[in-house]
Amino acid sequence: MKKSHPVRRAVLAGAATVSGIVLLLSLKPASDPGAASAAGGAAPPAAAEAPQGGRGAGTGTVTGDAADTQYGPVQVRLTVSGGKVTAAEAVQAPKGGQSDQVTADAVPKLNQAAVTAGAADIDAVSGATYTSAGYKQSLQSALDKAAAAGSADETGAGGAAETGAGGAGQGTQVLTGDVTQTQYGPVQVRVTVSGGKITNAETLQAPKGGRSDQVTADAVPKLNQAAVTAGTADIDAVSGATYTSAGYKQSLQSALDKAGG
């Protein structure tokens, strides 16, 4: 029987040792937390850090309800982008006599405060207590509508963005027309467009005071109904409310133009 040569035994032992080390190295990364992270194992927590949907999903304008005050109505319209209030304006504010000066001084301050705070929790402007209170009330209404619209748009990044060119039928939009000045006062219309059709129309501003109150009370409901029925601004004027009807149709057309037709 031949004896194993000492040098051969040494070579075999060294080869076995190297094989064992290679095997251990190949198995180690499976239990190495650092390797799991590098391979993408930590990706799911990163997704949880992303801000949740809501108003941040889209960009648009929203008009709060008019708030009546002792000196006249106050109504706020906001521009919301990326979940933040980027602009605020008062589409209605007390006017006439001393109110003109109070409004001119207070409204710009309230608008700036709304953008800075991004909420209705803002300070009243000194000397404009009633206007400030009405502003905050309408501002809160606008913020509530923006939040509700944001929740509805979570799956589509905003109805207005979904429509594209000529695609008003793709989603639901609430569109506010420009204010139209008439001989008896301003007229402003807001419409809801869904499925390419006007599903609701409302008048945000209309002539008031004296006989205008009766004319407006009679004409506005008829004009709103006519807008929904016709689906366009080509509606008949209401008898006895020629100026109001003309202003309504002009503001309505402006709202429809914003919807792309």
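Trainee: What should I know before I start?
Mentor: The model is predicted, so local features need pLDDT of at least 70 and side-chain atom pairs count only at pLDDT 80 or more, while totals for chains, interfaces and linings use all residues. Residues are numbered from 1 along each chain as its sequence is written, and side-chain values use heavy atoms, leaving out hydrogens and water.

Trainee: OK, how many residues does helix 4 have?
Mentor: Helix 4 covers residues 98-117, which is 20 residues, and reaches 28 Å from its first C-alpha to its last. Helices here are DSSP runs (H or I, at least four residues), and strands are E runs of at least two, numbered from the N terminus.

Trainee: Where is the kink in helix 4?
Mentor: At Ala106, shortly before the proline Pro108, with a bend of about 30°. That bend is the angle between axes fitted to the seven residues ending there and the seven starting there.

Trainee: Which residues of helix 4 are buried?
Mentor: Among them are Ser99, Thr103, Ala106 and Leu110. Buried means under 20% relative accessible area, exposed over 50%, partly exposed in between (1.4 Å probe, protein chains only).

Trainee: Switching topic, how many aromatic pairs are there?
Mentor: The structure holds 2. Tyr71 and Tyr130 have ring centres 5.5 Å apart and planes at 65°, so they are edge-to-face. Rings of Phe, Tyr and Trp (its six-membered ring) pair if their centres lie within 6.5 Å; planes under 30 degrees apart count as stacked, over 60 as edge-to-face and the rest as tilted.

Trainee: Is Tyr71 buried or partly exposed?
Mentor: Partly exposed, at 49% relative accessibility.

Terms used:
The expected span of a helix is 1.5 Å times one less than its number of residues.
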